[in-house]
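I opened this model to look up its charged pairs, ring pairs and pockets. My entries follow.

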Amino acid sequence: MTLNNMPRLGEGRTWFSALENWLDRERDQLPLWLPVGIGIGIVIWQFGGASAAPGLLLLAIAIALFALLAKPHSRSRQFLGMAAVSILLGFGLISLKSATVAQPCLLKFGSGIFMGGLKP
């Protein structure tokens with residue numbers, strides 16, 4: 001599949017064109033996606049522990065290869081590359097923290113109710 005025969009959106013634009021236009025409109029907010037990517041890496045570690053590393057590495061490689069389909073120096077290429085690196089960074093940071101304190105990932109998630117009130 002080449003860029004010329006990719007599925008088209010309205011007005012004859014390709015998926016990369018639509019993504020590029022959206023990223024161009026939101027260019028001021030793009031750095032805010034960095035903590036989201038780091039958080040995704042942490043969540044992946046939380047669900048899979050260190051055994052999720054090979055799958056995560058394959059995911060990051062797939063995102064990076066998908067970024068290579070975009071035009072050089074385009075916002076979509078930069079955004080997808082940043083996403084791949086930030087997901088790996090989040091996973092690496094939490095893995096390092098876990099190894100430092102020698103604690104495994106949580107086995108159970110807990111939920112509860114918190115009630116409070118205001119006194120005059």
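This is a predicted model: local features need pLDDT of at least 70, side-chain atom pairs count only at pLDDT 80 or more; totals for chains, interfaces and linings use all residues.

I count a salt bridge when a side-chain nitrogen of Lys or Arg lies within 4 Å of a carboxyl oxygen of Asp or Glu. Residues are numbered from 1 along each chain as its sequence is written, and side-chain values use heavy atoms, with hydrogens and water left out.

Salt bridges. I found two in the structure. Arg27 and Asp24 meet through their side chains at 3.1 Å, N to O. Asp24 also meets Arg75, at 3.2 Å, N to O. This second pair links distant parts of the chain, with Asp24 in helix 1 and Arg75 in helix 4, 51 residues apart. Helices here are DSSP runs (H or I, at least four residues), numbered from the N terminus.

I then looked up accessibility (buried is under 20% relative accessible area, exposed over 50%, partly exposed in between; 1.4 Å probe, protein chains only). Arg27 is partly exposed at 44%. Asp24 is partly exposed at 34%. Arg75 is partly exposed at 28%.

Ser76. This residue also lies in helix 4. Ser76 is buried, with a relative accessible area of 2%. I listed its contacts (heavy atoms within 4.5 Å). Leaving aside neighbours within four places in sequence, Ser76 touches Phe16, Leu19, Glu20, Leu23 and Ala70.

Aromatic pairs. I searched the whole structure and got one. Trp33 and Phe79 pair edge-to-face, 6.1 Å centre to centre, with 90 degrees between the planes. The cut-offs: ring centres of Phe, Tyr and Trp (its six-membered ring) within 6.5 Å, planes under 30 degrees apart stacked, over 60 edge-to-face, the rest tilted. Trp33 is in helix 2 (residues 33–48) and Phe79 in helix 4 (residues 75–101), 46 residues apart. Trp33 is partly exposed at 39%, whereas Phe79 is buried at 15%.

Largest pocket. Ten residues line it, and Thr14, Phe16, Ser17, Glu20 and Lys71 lie nearest its centre. A pocket is an open set of points on a 1 Å grid over the protein atoms alone, where a 1.4 Å probe fits, with protein on both sides within 12 Å along at least five of seven lines; lining residues have an atom within 4 Å of a point. Helix 1 (residues 15–25) gives the most to this lining, with three residues.

Note on methods. Helices (H or I, at least four residues) and strands (E, at least two) are DSSP runs, numbered from the N terminus.
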